[in-house]
Amino acid sequence: KEIAVGQILNDTLSQIYENLGDEIKNLNVQRVVVGLFFTGVKLSNGVCGVSYTPLKSFPQAVCCPSQAAVMPKSGNICGKNVKTLLKDITSDSPIKKTIAVAALNALSQTCYERSGSPYVTKFKADPFDELAIKCSLFSVIVGALVPYIKFMMKNGLDFRILELDKSALKGDELKYFIPQECAADAVRTANNIIITGVTLLNDTLEEILSLKRGGAEVIVVGPTVSMSPKTLFDRGVSYVGGVYTTHADELLDVIAQAGSGYHFLGKFAEKFVMSREGQASKIWKFNDQNA
């Protein structure tokens with residue numbers, strides 16, 4: 001079966017267009033920051049969305065005309081309608097796509113703030129905590145998700161790591177690394193699959209989800225997937241973990257100063273988890289959790 005790469009992002013964007021309707025015509029780009037670790041986009045309604053910045057995917061940073069086509073229209077983005085960025089949601093240019101995903105996440109939060117979410121939502125929570133990981137179960141971690149890797153190692157659990165860049169793993173972590181040629185078999189046999197949201201940026205998420213076994217619990221996590229989760233749930237994801245921004249300009253200032261999640265989480269943004277199973281008994285919003 002042919003894998004429709006980019007379909008998750010396209011479907012999510014279509015859903016957001018439907019939800020916002022004509023409102024999107026009045027949403028312009030106010031700020032764009034591309035930092036070392038994260039990229040952020042603030043809209044004219046004050047809402048900010050973020051995405052991981054995949055620096056290793058960017059072309060060589062040289063100042064020459066051959067690179068201009070894959071870069072955004074720097075200095076000429078702010079003030080434009082957000083759709084200007086969204087047309088690059090499946091661009092071959094990693095930096096354009098990253099900015100588009102950050103804009104998509106800002107629109108997703110706009111939808112949350114307007115009408116909440118039909119899914120059970122927890123704030124200040126991590127999706128990894130929702131898994132009942134037993135010693136008898138086999139797990140696959142996709143990406144160098146260090147806190148999860150360390151937990152699995154510390155507790156002697158059965159797991160393996162899929163990571164495109166082996167150098168991202170250190171010391172004893174390398175014992176759990178499996179090469180690309182073994183990746184499909186590992187995913188097919190896993191009881192739990194914990195996936196970095198960066199797979200949306202490098203176009204591997206659709207294929208990974210197509211390989212999962214029936215009944216497997218799947219988490220997709222990271223600021224990159226701070227988006228309306230329906231299209232992920234429709235593909236068998238159990239939990240989605242992203243971030244909800246609370247102080248847009250302060251967060252963007254941190255990102256601009258090479259800040260990471262350690263610098264803004266709990267201050268200018270909060271983690272959230274949405275669950276596929278069950279409907280929310282009420283419409284949860286961030287402010288409800290902190291009333």
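A nonpolar core is a set of buried Ala, Val, Leu, Ile, Met, Phe, Trp, Tyr and Cys residues joined through side-chain atoms within 4.5 Å, where buried means under 20% relative accessible area with a 1.4 Å probe and protein chains only. The model is predicted, so local features need pLDDT of at least 70 and side-chain atom pairs pLDDT 80 or more, while totals for chains, interfaces and linings use all residues. Residues are numbered from 1 along each chain as its sequence is written, and side-chain values use heavy atoms, without hydrogens and water.

The largest nonpolar core has 57 residues, and Leu-107 and Ile-195 touch the most other members. Helix 4 (residues 94-115) gives this core its largest share, 11 residues. Helices (H or I, at least four residues) and strands (E, at least two) are DSSP runs, numbered from the N terminus. Leaving aside residues up to four places away in sequence, Leu-107 touches Ile-16, Leu-20, Ile-24, Leu-27, Leu-43, Val-82 and Leu-86; contact here means heavy atoms within 4.5 Å. A second, separate core holds 20 residues, among them Phe-128, Met-152, Phe-159 and Phe-177.

Three strands form an open, antiparallel sheet in the order 1-2-3, two strands being paired if DSSP finds at least two bridges between them. Strand 1 (29-34) and strand 3 (48-52) are the edge strands, each pairing on one side only. Strand 1 is joined to strand 2 (residues 38-43) by five bridges.

Key. Buried < 20%, exposed > 50% of the residue type's maximum accessible area, 1.4 Å probe, protein only.
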